[in-house]
Amino acid sequence: MDFLPENEEPKKKKGGFNSYWLFGLLIVALLATQFLTLNLNIKPTTEDEFFRKLVPSGDVAQITIVNKDREDARVEVYIKEDSLKTKKQYSDFKQNKIGFANKGPLYSFELTSATSFKDKLDAIQSQTPFEKLIKVKNETQKSIFDLLLSVLPFILLFGVWFFLMRKASGGMGGPGGQIFNIGKSKANLYDKDTKVSVTFDDVAGLDEAKEEVKEVVDFLKNPKKYTALGAKIPKGVLLVGPPGTGKTLLAKAMAGEAQVPFFSISGSDFVEMFVGVGASRVRDLFKQAREKAPCIIFIDEIDAVGRARGKNMMQSNDERESTLNQLLVEMDGFSGDKGIIMLAATNRPDVLDSALLRPGRFDRQISIDKPDQKGREQIFKVHLKKLTKLGPNVTPEKLASLTPGFAGAEIANVCNEAALVAARKEKSQVEVEDFNEAVDRSIGGLEKKNKIISPHEKEIIAYHEAGHAICGWYLEHAHPLLKVTIIPRGIAALGYAQYLPKEQYLYRTEQLLDEICMTLGGRAAEEIVFGKISTGAQNDLQRITQLSYAMVTVYGMNEKVGNVSFYDPQQDTTFTKPYSDDTAKVIDEEVRKLIDTAYKRTVALLTEKREQLNKIAEALLAKEILFKSDLDELIGKRLFDEEPVPVAITID
Ligand code: ADP
Ligand code: ZN
């Protein structure tokens with residue numbers, strides 16, 4: 001069911017049709033009916049005159065007593081046709097303005113008391129022969145208030161409906177009109193007036209990805225070169241990578257380079273509470289795109305619509321599936337040489353329906369990862385251009401080394417934030433320390449300088465973080481430490497340690513075990529030093545629980561459970577676990593054993609290194625933040641090799 005067939009209404013498209021007008025019109029109409037009944041030709045008279053002159057004259061055909069029970073009671077007097085005296089009266093009568101019956105009354109007067117008027121009239125009428133009786137009618141006019149009251153339910157109903165629609169369509173869009181546009185695509189179009197001005201120069205790093213999409217750009221620029229040779233151009237390119245790495249930026253730059261219109265929409269924009277809206281939006285989007293071809297359609301977060309269609313009956317989602325089906329149909333409906341290129345971005349290619357990835361659809365994938373040191377340098381170069389006054393030693397290299405694990409979006413944010421920090425301090429230029437503060441802020445939310453932590457709490461936090469740091473320092477396979485701090489920030493983290501993990505994709509068992517020990521280091525330190533534990537380790541425990549279960553059930557790293565992997569990207573295991581209850585029991589036992597062993601090992605290590613633990617904790621209490629070089633000084637250099645690597649891990 002479509003809310004509105006797409007070819008129905010040209011007038012609504014302009015957005016000039018506002019639903020508020022409907023209200024206005026309704027009310028004007030009500031008032032109009034009210035006022036139109038007033039006849040301007042009525043002559044005022046009085047009750048006294050009525051009885052003295054009009055009734056005896058025998059000209060009165062009918063009277064209407066209006067609103068007899070109300071204060072504004074009055075009488076309207078209708079005259080017999082042959083009693084009309086003047087020419088004007090007669091022509092008015094002919095024009096339906098006055099006179100008998102349906103034609104308006106000629107006289108009107110106000111009543112002081114309807115009952116006494118009626119008594120008086122009855123007395124006269126009882127003396128009158130039948131054929132001369134004056135007809136008496138009663139009429140109650142509705143006041144505006146009554147009228148409003150009678151339409152109120154409709155207005156309310158309309159209001160509720162309006163509100164729901166507004167909510168359903170995301171509460172956005174121009175002034176009004178969005179009810180009628182619910183089946184329209186919500187894509188942002190960058191066209192002639194709002195041309196994409198982004199080019200490949202604005203996209204830093206990502207050299208391989210840029211190289212790959214250049215061919216597509218070239219095709220959009222001069223399609224003939226390709227079609228003449230019968231070359232087939234990919235219809236769809238899937239950009240895969242974590243958020244903020246520049247997928248949208250790259251897609252925009254493609255449109256900017258090729259100078260073609262750019263449609264941008266998020267997958268979640270298709271999904272609505274009304275059945276059929278998603279599919280209708282897809283259809284509308286492609287209709288618009290066909291008109292503008294050659295062009296680029298970009299669908300962000302395509303996983304919102306593109307998730308694999310219901311394997312599981314309990315979770316099937318008709319609306320999403322029909323949207324996805326429509327998308328597939330539309331993609332098959334145009335051949336690549338029409339000049340419509342589809343781009344889509346996702347962080348979870350594994351959950352996408354395989355039909356989307358088939359040849360002729362999104363058959364090309366480009367992976368876009370978080371930038372490494374060099375990539376970050378380049379991104380900083382792009383965003384530093386926007387800051388006009390930089391301190392002498394602010395270099396992209398330096399900043400890149402401060403921000404392991406940051407994606408492009410975070411780097412852009414850090415640059416802006418640093419300028420804000422500097423401005424707040426009334427500086428004339430942005431310096432490295434401002435960037436440092438900006439980095440800290442973006443890692444853990446705003447520094448909470450005035451959050452009150454008792455000295456004892458601070459001590460516990462210091463030992464907790466020192467525990468993490470020591471484990472990282474003395475365990476061979478743990479990630480080397482970058483910095484550790486007990487400056488409270490955000491809501492949850494009271495402190496954190498940041499590590500540089502080794503650049504690798506395959507982890508060995510001992511590495512994961514060391515990782516678990518390091519994460520347990522916080523709680524173990526608390527227990528050793530204070531003999532009691534606190535809630536501060538909740539996050540740590542959650543992390544190792546996940547990791548341990550993964551080791552046992554996904555990576556096949558447990559002897560008893562064996563070389564099996566129950567990995568399921570859909571995480572549909574809520575209803576059916578792919579293993580027996582017995583296996584489940586073994587898994588639970590083995591996970592417990594794994595964590596217990598790791599904890600004992602951690603306690604042993606920290607007991608052995610108690611002296612160093614104290615040193616670091618005390619230094620933390622004094623300085624609140626320690627970098628790797630500080631640790632080198634305090635407890636001697638770390639024994640194991642370490643190379644700088646791109647992604648940092650932060651442990652509370
Ligand atoms: P994604 O679509 O991958 O989530 P975006 O393209 O929306 O990320 O990136 C958000 C912002 O981050 C961009 O507008 C840009 O300012 C910045 N950014 C991200 N990656 C880069 C990059 N490689 N070069 C320059 N700026 C970048
Ligand atoms: Zn911790």
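A: This is a predicted model, in which local features need pLDDT of at least 70, side-chain atom pairs count only at pLDDT 80 or more, and totals for chains, interfaces and linings use all residues. Residues are numbered from 1 along each chain as its sequence is written, chains are lettered from A and ligands numbered from 1 in the order in which they are written, and side-chain values use heavy atoms, with hydrogens and water left out.

Q: How many residues surround ligand 1, and which are the closest?

A: A residue is near a molecule if one of its heavy atoms lies within 4 Å of it. Here 16 residues surround ligand 1, the closest being Ala204, Gly244, Lys247, Thr248 and Leu249. The shell divides into eight nonpolar, six polar (Gly counts here) and two charged residues.

Q: Which helices each supply at least two residues of that shell?

A: Helices are DSSP runs (H or I, at least four residues), numbered from the N terminus. Those here are H9 (247–258), H14 (373–384) and H16 (408–424).

Q: What lies 2.4 Å from an oxygen atom of ligand 1?

A: A polar contact is a pair of N or O atoms within 3.5 Å. A polar side-chain atom of Thr248 is at that distance from the ligand oxygen. For Gly244, a polar backbone atom is 2.8 Å from an oxygen of ligand 1.

Q: How many disulfides are there?

A: A disulfide is a covalent bond between the sulfur atoms of two cysteines. With a cut-off of 2.5 Å between the sulfur atoms, the count is zero. Cys517 is in no disulfide, and its nearest cysteine sulfur, that of Cys471, is 6.8 Å away.

Technical notes. A polar contact is a pair of N or O atoms within 3.5 Å; within protein, one must be able to donate a hydrogen and the other to accept it, and residues adjacent in sequence count only if both atoms are side-chain atoms.
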